[in-house]
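Dear colleague,

Here is the structure that I promised to hand over to you.

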Amino acid sequence: MAQKRSSRLSQSAAIKQILKRCSSLGRRSNYSDENGLPLDVPKGHFVVYVGENRSRYIVPISFLGHYEFQSLLRQAEEEFGFDHEMGLAIPCDEIVFLFMTSSIMLRS
């Protein structure tokens, strides 16, 4: 039980780190609002980069609560880590990402 709780705490900390990182990306750009977010990212959303070409997608924060998306985040952390300047990169093919996000949207 303690192991499971520890895992949840570390997962929660990782999600908070992701949100902090994603929301601070726009602060280094000249296309941000007074909150430091890029103008094209609505409140309650964040940006990820997917696939070999690093295509940019804006996804709702609610995706962070879905197991499938959390799995992608764990893969991203293992492959790239979260401490880099390019944004949150998701290590999967775009078609897989689109299928997974579509599936999440249909269930929500």
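Before we come to a pair of bridge partners, one definition is needed: two strands pair if DSSP finds at least two bridges between them. Please also keep in mind that this is a predicted model.

With that in hand, we can turn to the sheet, which is open, has three strands in the order 2-1-3, and shows mixed pairing. Its edge strands are strand 2, covering 55-60, and strand 3, covering 88-90, and each of these pairs on one side only. On average, and with direction ignored, neighbouring strands of the sheet are turned by 40° against each other. Strand 1, made of residues 45-50, pairs with strand 3 in the parallel sense, over three bridges, and if you look for tyrosine 49 you will find that its bridge partner in strand 3 is alanine 89.

Two helices pack on this sheet. Helix 2, residues 67-80, touches strand 1, strand 2 and strand 3, and its direction makes about 105° with that of strand 3. Helix 3, residues 94-107, also touches strand 1, strand 2 and strand 3, while its direction makes about 15° with that of strand 2.

Leaving aside its neighbours within four places in sequence, phenylalanine 69 is in contact with several residues, including Phe46, Val48, Val59 and Phe97. The C-alpha atoms of phenylalanine 69 and phenylalanine 97 are separated by 9.1 Å, although the two residues are 28 residues apart along the chain.

Glutamine 70 is found in helix 2 as well. Is glutamine 70 buried or exposed? With a relative accessible area of 14%, glutamine 70 is buried, and its side chain reaches the backbone oxygen of leucine 64 at 2.7 Å.

Finally, please look at the loop between strand 1 and strand 2, where arginine 54 lies. Most residues other than glycine have a negative phi. The phi of arginine 54, however, is near 55°, a positive value in a residue other than glycine. Arginine 54 is partly exposed, because its relative accessible area is 31%, and that class lies between the cut-offs of 20% for buried and 50% for exposed.

Technical notes: Residues numbered from 1 in each chain as written. Predicted model: local features only at pLDDT ≥ 70, side-chain atom pairs only at ≥ 80, totals over all residues. Heavy atoms only, no water. Helix = DSSP H or I, 4+ residues; strand = E, 2+ residues; numbered from the N terminus. Axes fitted to C-alpha atoms, helices over the stretch in contact; angles between N-to-C directions. Contact = heavy atoms within 4.5 Å. Buried < 20%, exposed > 50% of the residue type's maximum accessible area, 1.4 Å probe, protein only. Polar contact = N/O pair within 3.5 Å; in protein donor to acceptor, adjacent residues only side chain to side chain.
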